[in-house]
Amino acid sequence: MSPITYITRSETFSAAHRLHSPQLSNEDNQLLYGKCNHPNFHGHNYKVEITLKGEVNSLTGMVMNLVDLKECIKLAVMDPLDHRNLDLDVEFFKNKASTTENLAVFIWWNFQYHFLKNDSWRSSSARLYKVKIYETEHNMVEYMGEGELDEAEGQVDVALIKLMGVDIKQDGLDGRKKKSWSLDL
């Protein structure tokens, strides 16, 4: 077995949002989120780090070509998020608060979608290991794919992922189907 290494690429993007949960009243949102609930939005210069884990290819000496990783980040992060209003421009946030935690989840699943769509990227041993987002220099969130995503809330094409042979957990208790799912790589 070849050595296992972790590769990380970082990018920065700017986006506006308003912390506001549709499940809470306006008063509760104001109490919970304070100035971040301002109705005219506010913005951040986010820094995102995408970390992949995989075996070093004995021929190329790489887990994944960093040029390919840069392109995947462009498709999954920069194109849908840079200079956007998360609440107005990103479907994922139509019914949930655009917290940095939820942003990390969105980036994870959107990266998986674009990564798995590309045959050459998918054929490498590289697998998404971690998404880390810096909202400010003091506040950051890490997400490592744990938990489940309600397919109705995401923008990931479940059928496409199934066609690629990736197992998607869908069984609930007592063998009943449930609406949430996760990738099993």
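Visitor: Why does lysine 132 count as buried?

Guide: This is a predicted model, and every label rests on a value set against a cut-off. Buried means under 20% relative accessible area. Lysine 132 has 15% relative accessibility, so lysine 132 counts as buried.

Visitor: Where is lysine 132, and what does lysine 132 touch?

Guide: Lysine 132 is placed in strand E4. Leaving out residues up to four places away in sequence, lysine 132 touches Lys47, Val48, Glu49, Met140, Val141 and Glu142.

Visitor: What makes the link between the side chains of lysine 132 and tyrosine 134 a polar contact?

Guide: The distance is one part of the test: a polar contact needs a pair of N or O atoms within 3.5 Å. The side chains of lysine 132 and tyrosine 134 are joined at 3.3 Å, and therefore meet that distance limit.

Visitor: Why is glutamine 30 called partly exposed?

Guide: The relative accessible area of glutamine 30 is 42%. Buried is under 20% and exposed is over 50%, with partly exposed in between.

Visitor: Which element holds glutamine 30, and which residues does glutamine 30 touch?

Guide: Glutamine 30 lies in helix H1, residues 26-33. Not counting residues up to four places away in sequence, glutamine 30 touches Lys35 and Asn37. Leucine 19 is eleven residues from glutamine 30 in sequence, and their C-alpha atoms are 9.1 Å apart in space.

Visitor: What makes a group of residues a nonpolar core, and which members of the largest one touch the most others?

Guide: The members must be buried residues of the nonpolar set, joined through side-chain atoms within 4.5 Å. The largest such core here has 37 residues, and Phe13, Ile50, Ile107 and Phe111 touch the most other members. Elements giving two or more residues to this core include strand E1 (4-17), strand E2 (42-55) and helix H4 (100-117). H4 supplies the largest share, ten residues. In soluble globular proteins, nonpolar side chains tend to be buried together.

Visitor: Which residues is phenylalanine 13 in contact with?

Guide: With neighbours within four places in sequence left aside, the contacts of phenylalanine 13 include Tyr46, Val48, Val77, Leu103 and Ile107.

Visitor: How many helices and strands does the protein have, and what part of the protein is buried?

Guide: The protein has six helices and eight strands. Of its 185 residues, 42% count as buried.

Definitions and conventions. Residues numbered from 1 in each chain as written. Predicted model: local features only at pLDDT ≥ 70, side-chain atom pairs only at ≥ 80, totals over all residues. Heavy atoms only, no water. Helix = DSSP H or I, 4+ residues; strand = E, 2+ residues; numbered from the N terminus. Buried < 20%, exposed > 50% of the residue type's maximum accessible area, 1.4 Å probe, protein only. Contact = heavy atoms within 4.5 Å. Polar contact = N/O pair within 3.5 Å; in protein donor to acceptor, adjacent residues only side chain to side chain.
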